Amino acid sequence: MAGFDDLASERSKAQFDVEEMKVIWAGSRHTLEVSDRISRLVANDPVFRKDTRTMLSRKDLFKNTLRKAAHAWKRIIELRLSEEEAAELRFYVDEPAFMDLHWGMFIPTIKGQGTEEQQQKWLPLAYKMKIIGCYAQTELGHGSNVQGLETTATFDPQTDEFIIHSPTLTSSKWWPGGLGKVSTHAVVYGRLIIDSKDYGVNGFIVQLRSLDDHLPLPGITIGDIGMKFGSGAYNTMDNGVLRFDHVRIPRDQMLMRVSQVTREGKLVQSNVPWQLVYGTMVYVRQKIVSDASCALSRAVCIATRYSAVRRQFGLQSNGIETQVIDYKTQQSRLFPLLASAYAFRFVGEWLKWLYMDVNQRLQASDFSTLPEAHACTAGLKSLTTSATADGIEECRKLCGGHGYLCSSGLPELFAVYIPACTYEGDNIVLLLQVARFLIKTVSQLGSGKEPVGTTVYMGRVEQLMQCHCAVQKAEDWLKPSVILEAFEARSMRMSVASAQNLAKFDNQEEGFLELSADLVQAAVAHCQLIVVSKFIEKLQQDIPGKGVKGQLEALCNIYALFILHKHLGDFLSTGCITPKQASLANAQLRSLYSQVRPNAIALVDAFNYTDHYLSSVLGRYDGNVYPKLYEEAWKDPLNDSVVPDGYQEYIQPILKQQLRNARL
Ligand SMILES: CCCCCCCC/C=C\CCCCCCCCCCCCCCCC(=O)SCCNC(=O)CCNC(=O)[C@H](O)C(C)(C)COP(=O)(O)OP(=O)(O)OC[C@H]1O[C@@H](n2cnc3c(N)ncnc32)[C@H](O)[C@@H]1OP(=O)(O)O
Ligand SMILES: Cc1cc2nc3c(=O)[nH]c(=O)nc-3n(C[C@H](O)[C@H](O)[C@H](O)COP(=O)(O)OP(=O)(O)OC[C@H]3O[C@@H](n4cnc5c(N)ncnc54)[C@H](O)[C@@H]3O)c2cc1C
């Protein structure tokens with residue numbers, strides 16, 4: 001049988017230790033063990049089946065998600081799973097649900113923005129799921145512009161309460177996940193008003209539904225905002241709408257770590273920066289970067305396995321056609337995505353470390369690294385989600401016609417993933433934040449304030465503005481120092497050029513708007529440099545296992561040279577490399593593809609995904625694609641009857657009509 005033999009033979013060609021690569025991908029032997037165990041637990045539990053998801057009506061889909069969430073929670077308690085194991089379970093259940101916002105945003109917001117007392121009061125309830133919360137920031141009229149939110153929270157000194165109100169239609173909360181049908185509570189972001197004075201946006205814990213009968217509390221109007229893109233996909237989530245009509249909450253339900261309102265109605269600022277009100281977004285953006293590598297690797301795993309099974313043209317002497325993975329065009333589209341998946345994995349790992357470091361510093365009242373953490377999380381969230389969304393669609397095309405079938409798993413993966421380019425900050429809006437950070441850094445060069453963290457390279461501005469790439473032959477592009485210098489010089493020169501152009505404007509804000517398209521490109525260049533440099537740093541660590549390091553080096557070089565090739569205009573126009581060096585990079589890239597080719601299947605096996613998680617006939621571990629595709633088609637509800645419903649009403653009359661006309 002074609003698929004079985006093809007993948008078995010591919011696996012026998014691998015030139016590295018796949019088991020050790022699994023450890024590298026997972027992050028540690030312990031994480032691999034947990035992930036492997038939990039993925040099998042989910043795969044073997046019939047409640048977590050998802051093969052009919054794209055065919056269910058919204059109501060059935062949603063109810064099924066509730067059933068899965070309840071079952072997941074029951075299993076977490078029965079098996080006494082740790083937080084790490086529970087998070088893995090959520091990952092492998094693979095269905096967006098209210099739990100994500102409860103655990104991923106509601107709880108972190110109380111932890112990050114609540115006082116000690118508030119945490120003591122609310123967190124035990126939330127951890128035991130005696131209350132279910134969501135994150136209600138975005139409104140119908142404003143999402144990106146958080147300072148433009150219109151919901152008001154007016155302090156009433158008579159009763160020691162805040163009055164939460166939606167003054168306009170556009171102030172209706174709109175989009176929060178988990179809000180529409182499930183959450184009992186929300187962190188609501190609104191304008192703090194004391195004595196008619198507006199003190200800007202703050203978070204408030206508001207109960208939305210009765211804990212007895214789940215009905216909305218008085219003054220609260222609430223519902224789901226409707227069907228979203230694709231079948232199945234994000235429609236398992238109850239993204240909601242919420243309006244307040246003068247709803248009263250006690251004063252101590254304002255999250256008061258950043259600023260406090262006293263009984264007398266005085267606003268007291270604490271020593272923490274006000275930007276901490278945006279803190280949950282930093283946390284979630286960091287998580288989204290790690291998730292990007294999961295979504296991309298999943299699509300790449302499907303497309304790679306299928307490319308080894310699928311054969312077209314090029315009949316060989318043994319009568320077999322060519323595996324499509326052997327076409328250079330297929331490799332040049334697929335292997336950069338494989339390399340990107342690994343690159344995003346490692347930059348995600350690093351970002352997790354950066355976030356933990358910032359958090360520890362915040363606890364100790366050191367706020368110095370917050371701007372860099374904001375820029376890195378915003379920029380990398382934008383870069384990795386855009387590349388992943390595009391990459392999933394490319395994987396669908398790499399699978400030809402069969403990639404368009406829901407049973408390939410790719411349409412739903414695409415539909416569920418693409419909002420990541422919008423939620424938690426529109427990707428362009430986030431890159432503009434990075435650009436502001438870069439311009440600020442450039443403007444401070446020479447002022448005695450040394451650039452730190454990921455902008456340290458900017459301290460070498462003079463060298464980077466003048467250096468010439470040393471590449472003379474294709475293999476020179478394999479030197480990490482050569483790659484790094486080219487990426488640093490490109491980013492430096494683009495940021496400096498933007499800053500110089502900006503300086504020509506009398507009004508900096510006007511200049512920023514006018515130059516924003518260039519600024520976004522400078523931000524992309526900086527973020528790509530971070531990804532490349534973190535991959536290179538990873539390779540400097542001890543990497544055990546036969547051939548593992550060699551494969552990772554090849555992937556790192558593919559990622560870097562692919563980005564260089566894609567953004568050649570930047571590298572050439574800033575004079576960082578010459579046209580000749582560009583063509584040498586291309587030649588090197590081709591040779592790297594040949595190096596990866598025999599290892600491609602093993603490199604995707606290293607993700608250790610179960611067939612349940614992949615939910616793709618094309619990506620099956622055993623490669624048994626055609627019989628299963630054939631079998632899958634017959635399961636479609638349309639095939640329940642041989643003659644379709646509607647035949648008599650709609651098909652027969654047409655046929656009869658034609659018959660009459662023919663007789664005339
Ligand atoms: C099914 C069964 C399952 C069962 C399982 C059960 C068990 C479960 C157990 C465990 C499960 C674990 C699950 C975990 C899952 C986790 C993942 C969660 C997934 C969530 C999915 C995502 C949902 C999406 C949610 C959202 O979208 S929320 C809304 C997001 N909104 C935005 O992002 C808005 C974007 N806009 C902004 O951020 C700001 O408006 C702006 C663009 C930054 C502009 O700000 P502003 O107007 O204030 O102006 P500026 O002048 O630009 O900025 C002022 C200064 O502030 C600095 N700044 C800005 N932002 C930040 C920041 N975030 N942090 C720090 N500093 C910031 C800026 O740099 C300026 O500084 P300055 O020095 O220059 O003044
Ligand atoms: C699936 C999903 C789940 C969500 N979950 C939640 C949730 O749980 N809680 C919550 O509070 N919110 C949630 N959101 C809302 C989400 O955070 C916002 O949609 C997001 O922040 C983008 O804001 P927006 O919709 O206002 O886009 P807009 O800002 O209106 O963007 C529209 C266009 O304008 C451009 N644009 C906007 N501002 C600028 C600028 N300054 N310069 C240049 N271009 C600009 C953008 O690039 C984009 O092309 C969710 C959204 C989705 C899609």
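How much of the chain over residues 480-656 is helix and how much is strand, and how far apart are the end C-alpha atoms? Over residues 480-656 the chain is 72% helix and 0% strand, with the end C-alpha atoms 73 Å apart. This is a predicted model: local features need pLDDT of at least 70, side-chain atom pairs count only at pLDDT 80 or more, and totals for chains, interfaces and linings use all residues. Residues are numbered from 1 along each chain as its sequence is written, while chains are lettered from A and ligands numbered from 1 in the order in which they are written.

**Annotated segment**

- The unreviewed UniProt entry annotates residues 480-656 as "domain: Acyl-CoA oxidase C-terminal". UniProt positions follow the numbering used here, feature names are shortened, and annotations may be inferred rather than shown by experiment.

**Ligand 1**

- Ligand 1 is surrounded by 40 residues (C-beta atom, placed from the backbone, within 6 Å). The closest are A72, G104, Q275, Y278 and G425.
- Two or more shell residues come from each of α4 (58-78), α5 (83-93), α6 (98-113), α8 (279-309), α10 (370-398) and α12 (427-443). Helices (H or I, at least four residues) and strands (E, at least two) are DSSP runs, numbered from the N terminus.
- Helix α4 supplies the largest share of this shell, 6 residues.
- The shell around ligand 1 holds 21 nonpolar, 12 polar and 7 charged residues. Nonpolar means Ala, Val, Leu, Ile, Met, Phe, Trp, Tyr, Cys and Pro; charged means Asp, Glu, Lys and Arg; the others, Gly among them, are polar.
- Domain 1 (131-270) and domain 2 (278-425) each give at least three residues to the shell around ligand 1. Domain bounds come from an automatic or database domain assignment.

**Ligand 2**

- Around ligand 2 there are 21 residues, and the closest are Q137, T138, G143, S144 and W175.
- Both β1 (133-136) and α12 supply at least two shell residues. Helix α12 gives the most, with 3 residues.
- The shell around ligand 2 has 11 nonpolar, 8 polar and 2 charged residues.
- Ligand 2 lies between domain 1 and domain 2, because both give residues to its shell.

**Helix packing**

- Helices α9 (residues 328-363) and α16 (residues 516-539) pack at about 85°, with axes 9 Å apart. Axes are lines fitted to C-alpha atoms, for helices over the stretch in contact, and angles run from 0 to 180 degrees between N-to-C directions.
- That angle makes α9 roughly perpendicular to α16 (65 to 115 degrees).
- A343, F346, V347 and W350 of α9 meet I530, V531, K534, F535 and K538 of α16 in the contact (C-beta atoms, placed from the backbone, within 7 Å).
- By class, this contact of α9 with α16 has 7 nonpolar, no polar and 2 charged residues.

Technical notes:
Angles under 35 degrees count as roughly parallel, over 145 as roughly antiparallel, 65 to 115 as roughly perpendicular and the rest as oblique. Two residues are in contact if their C-beta atoms, placed from the backbone, lie within 7 Å.
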